[in-house]
Amino acid sequence: MKLLTLFKPITLCGGVLPALFLLGCDASSGGGGNTQEPDPVVVDFPVAYIQRPIPRDEDGIFVPDDVLDITAFRPGARLLLKDRASVPADALVITDIPFTPETDESLPEGDVPTPLPYDVKDLSVDPDGTKLLFAMRAPEIEDADEENQPTWNIWEYNLETEILRRIIESNTIAEEGQDIMPAYLADGRIIFSTNRQRRSRAVLLDESKPQFAALIETGDEEAFVLHVMENDGNDISQITFNQSHDLYPTVLNDGRILFLRWDNYRDSKDVLSLYTANPDGSNVNVEYGFHSQNTGTNGTEGVFAKPRELVDSRIQVSLRPRIAEQLGGGMIAIDTFNFTELNITVEGSESASPAQNSIISGEINTDGSASPGGYYSSAYPIDDGSGRLLISWSPCQLRGYQLNIYVDENLQLMNENGERVDRTGSVLAVDETPITIPEEEVGFFPCTNEALSLTSIQLALPVYGLWIFDPFNQTQSPVVLSENDVMYTEALVLQPQPIPDYIPDPIAGIDFEQALAEENVGILHIRSVYDMDGTDISPNGIMATADPLQTTENERPARFIRLLKAVSMADDDVVDFDNSAFGRAGGQMKDILGYVPIEPDGSAMFKVPADVAFTFSILDANGKRVRTDGSGNIGPRHQYWMALRAGEVRECTGCHTNDDTITPHGRIDSGLASINPGALSAAAFPNTQLRDAFGTPHGPPEVGESMAQYYARMNGVRTPSVNIIDYSDWTEDGIRPSSATIDLSYSDLRTEAPTECGVNWTSLCRIVINYIEHVQPVWELPRVTLDDTDAVISDFTCTNCHNTTDADGMTIIPAGTRQLNLSSVQSTERNDYVESYAHLLFGSRVLELDDNGNLRLELEQLVIDSVPQYQMIQLVIDDVPQFEALNEDGVTVPAPADTIDPDLTLLLDENDNLVPFMVQELQPVLDDEDNPILDGEGNPLMEPIPIMIETQNRNGALLSPNGALSSNGFFRVFENGGTHQDYLNGAELKLIAEWLDIGGQYYNNQFVAP
């Protein structure tokens, strides 16, 4: 009920309605239509557009447009409608009514009250050309907190009935989220971007967490993803599950949704590219531009904003930087049918044309520099066979006094040659004072090439008007003339369009198995993890790697897949926790969904929980994340989020490297063919067979089936497990069952398992590893062996030796070359963590025992001969040291007294590395007879006095948040022949390895973190 506090109920259309929503409201009272005869030059369809003031902050300072500032409130906008695209046609304001008070007693009788300032944006039109859809936000509520301000809502205006209504009628439901960027689907439903996160909130509830809107990966704001609702605002459902924003949805002629996705995988990706999806959210694919981020002028960033399909099926976008200083950019058309990137064609395409072409001729710059061809805020195709567009355009203008007389930043007059001039344009003499004019005399004048070459001349603010642009003749005719400090934009033509193809939502039991809907899972099929951008990276080739007589089970580098889920992060109003909870890696928490085995040919086919953002890692036989090429080096994490709807089946050919920017990847119709041919005939794979639980061979595979497809057809699609288990379903030689098995099960843990799932996996299974709850107990678990008389034979409890006190309470130096302390006492050096975590992930200071048996920090004498950048220059005046230093510009200056540290205390950075900051005392250089050596000017040569400083030695970190294979020094001691062989069992080592592979976080649940 936030907005209702603004107004009394108003009477419109014969009834009393709340100001928040209007049903049956006649907007024609705002103006009248124009009845002139049709003009063949203009467009004889209604035209809708937005009028808004140039954006300024509360201090009146101009504010550039940030494409990712998607909920910015810029009050003063209005939605207008002309019955034809010509200057003389009258304009009807159709959005003032909801925000105009019914009465204003201070006004003279008959005058209409002024509407309170609201904002409107994101226009779209239905295929019939009779309905306008847009986002609108009500005026600010004075003195209300931000969370109590009105939200963005979706509204519709019907030209035939002249009814303006809010789509979601209920005030409560409307204010639950920020709803923007709407568009009509082929069946009349509405797709839009919002932070409601309806389905994701339900998943949080299933995870026993509070419902909240998750933040984007940088933690700055709530993520906006795509939702669909009925035209009456009912049945709101979430269809995409990105961890950052999904924006600007538009419906293509083939029925798919095209949208702009922000891939913002923490510390790795920051990419805005075009994606497609079916209206139910299935079949999400990158469409264009993931590796074409810098297609702006001079190789600068170019964002593909406001995509829309043209009549020729190319995709028109506004190409602009993220922050547009001139509130616009260029208008380009992208050939996504033949290209996936600027210079990458779809597999099989022979197109030689550029992927991106400017719709507008002339020099249009998008890099922030002056654009002689002007700037474009929006463009809309007119479907009349002419190829014309309705554009919002601002010419390039410079600030000046009159034509060819400009001003610099100090408002001093100059001509286009950079010469100082007077008000008549006459060049001033060198000794004459420059002419300065007041701000109110400054005007705007067309750019010239000569003037633009002067860096001192200033660009004027844009003045966007509306024009009909003919790309063939490169001519334009005015529709709405521009005005200073006002912009007209988002113009579109309300004309009938072909209805897009209808893609129905799949139905469980008809379009996919009912069981998948009941399990709430989708299915992912990877044809081979050894397929890296079309290159076979398996040890001996895929066919030989799948043959156990050529590559044994133990020689296969890829054995399991670990499924990972993004942990939704809440803002501080929901839960406020210390950022140290993220641990050494910082910034991201993850859940493990489960594990599945990889078949011998590198294929895998398995269930995935529906409606969650997931990624995966490739593991070796020990459950450690590895490269699939067997190099032994740590492999990159799969830094992309995927999501499947219930019943959806997706297939990937293989994997893709981050550095490969020339191979199509991620788009179903464009990628390279799989290098895994599958079964070459309807016969058993070479030298191996798939047998059932009783050892009976299954029937042969079908030609082309991967081993994973064959397994799924015979035994059902693999179901993940929270344990790492391989029952070796494939025989080693085609005759006898394999004897080798892997079983790393949580049931073997003697401490608390990080999951409530045991034998039966479901889509709600989560492995949530918190260091204090699940890893620390491993160090403290008693590992005592007793004889028949209960006498202790051995005690390998970790904290007995890796501690500062032994079992008898005596002070000791922690065991090991790195003096590893695994106790759970609070760290004295890093008080956010216990000693064990601090020692393992950050390292520690070296300790020693003093003569009394007490621990102290080991110190050594560090000799510093010189620190040139802080070196003192001179020593004079009766042997009294005088200090001078070099400042940041390299100029010798007297050293400030407060920079001279008499004790020469050492400064350490956050990693306890030496930071040289001390000032050095200088002394004369003496000859063999102890006399000062003089330079050529008779001054004594000076040299710094060596300084002896005590510093602390450090032990290095034993574990790395980069993963288990980056922590080999730790795991090596537990291997066969290691000093700690058999101290920890396989389940314990698996727990530590998986915890490190996901980042070694201190907590992976913000609701249990302090």
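## Disulfides

Cys 757 and Cys 765 are joined by a disulfide, with their sulfur atoms 2.0 Å apart. The model described here is a predicted one. A disulfide is a covalent bond between the sulfur atoms of two cysteines. The link of Cys 757 and Cys 765 is left-handed, with -105° about the S-S bond. Cys 765 has a relative accessible area of 0%, so this residue is buried.

A search of the whole structure gives two disulfides. Cys 396 and Cys 447 form a disulfide as well, and their sulfur atoms are 2.0 Å apart. This pair links distant parts of the chain, 51 residues apart. Cys 396 is in the loop between strand 27 (389–394) and strand 28 (397–402), while Cys 447 is in the loop between strand 31 (443–446) and helix 3 (449–452). The link of Cys 396 and Cys 447 is left-handed, at -75° about the S-S bond. Cys 396 is buried, because its relative accessible area of 6% is under the 20% cut-off. Cys 447 is buried too, at 18%. Counting bonded cysteines along the chain, the disulfides follow the pattern 1-2, 3-4.

## Two further cysteines

Cys 652 has a relative accessible area of 22% and is therefore partly exposed. Cys 801 takes part in no disulfide; the nearest cysteine sulfur belongs to Cys 798 and is 8.9 Å away. Cys 801 counts as partly exposed, at 42% relative accessibility.

Strand 35 covers residues 521–526, and six of its six residues are buried, so the strand is largely enclosed by the rest of the structure. Val 521, Ile 523 and His 525 point one way from the strand, and Gly 522, Leu 524 and Ile 526 point the other way. Residues on both sides are buried.

Strand 35 pairs with strand 40 (residues 604–609) in the antiparallel sense, over six bridges. In this pairing, Ile 526 stands opposite Ala 604. Strand 35 also runs parallel to strand 42 (residues 649–652), to which four bridges join it. Here His 525 stands opposite Glu 651.

## The loop around Gln 981

Gln 981 lies in the loop between helix 10 (968–972) and helix 11 (986–997). At 31% relative accessibility, Gln 981 is partly exposed. Apart from neighbours within four places in sequence, Gln 981 is in contact with Val 973, Phe 974, Glu 975 and Asn 976. Gln 981 and Phe 971 are ten residues apart in sequence, and their C-alpha atoms are 9.8 Å apart in space.

## Cavities

The structure has ten cavities of 30 Å³ or more. The largest cavity holds about 540 Å³ of space. Its lining has 30 residues, and Arg 52, Asp 65, Lys 121, Lys 306 and Glu 490 lie nearest its centre. The lining of the largest cavity is made up of 14 nonpolar, five polar and eleven charged residues. Among the strands that each supply at least two lining residues are strand 3 (47–53), strand 7 (119–125) and strand 34 (486–493).

The second largest cavity holds about 200 Å³. It is lined by 19 residues, with Ser 200, Phe 241, Gln 243, Ser 568 and Ala 613 nearest its centre. Helix 2 gives the most to this lining, three residues. Helix 2 (198–206) and strand 38 (560–566) each supply at least two residues. The lining of the second largest cavity divides into ten nonpolar, six polar and three charged residues.

Note on methods: Residues numbered from 1 in each chain as written. Predicted model: local features only at pLDDT ≥ 70, side-chain atom pairs only at ≥ 80, totals over all residues. Heavy atoms only, no water. Disulfide = S-S within 2.5 Å. Buried < 20%, exposed > 50% of the residue type's maximum accessible area, 1.4 Å probe, protein only. Pairing = 2+ DSSP bridges. Contact = heavy atoms within 4.5 Å. 1 Å grid on protein atoms, 1.4 Å probe; cavity = no way out; pocket = protein on both sides within 12 Å on 5 of 7 lines; lining within 4 Å. Points joined across faces, edges and corners; volume = space filled by probe spheres on them. Nonpolar A, V, L, I, M, F, W, Y, C, P; charged D, E, K, R; others polar.
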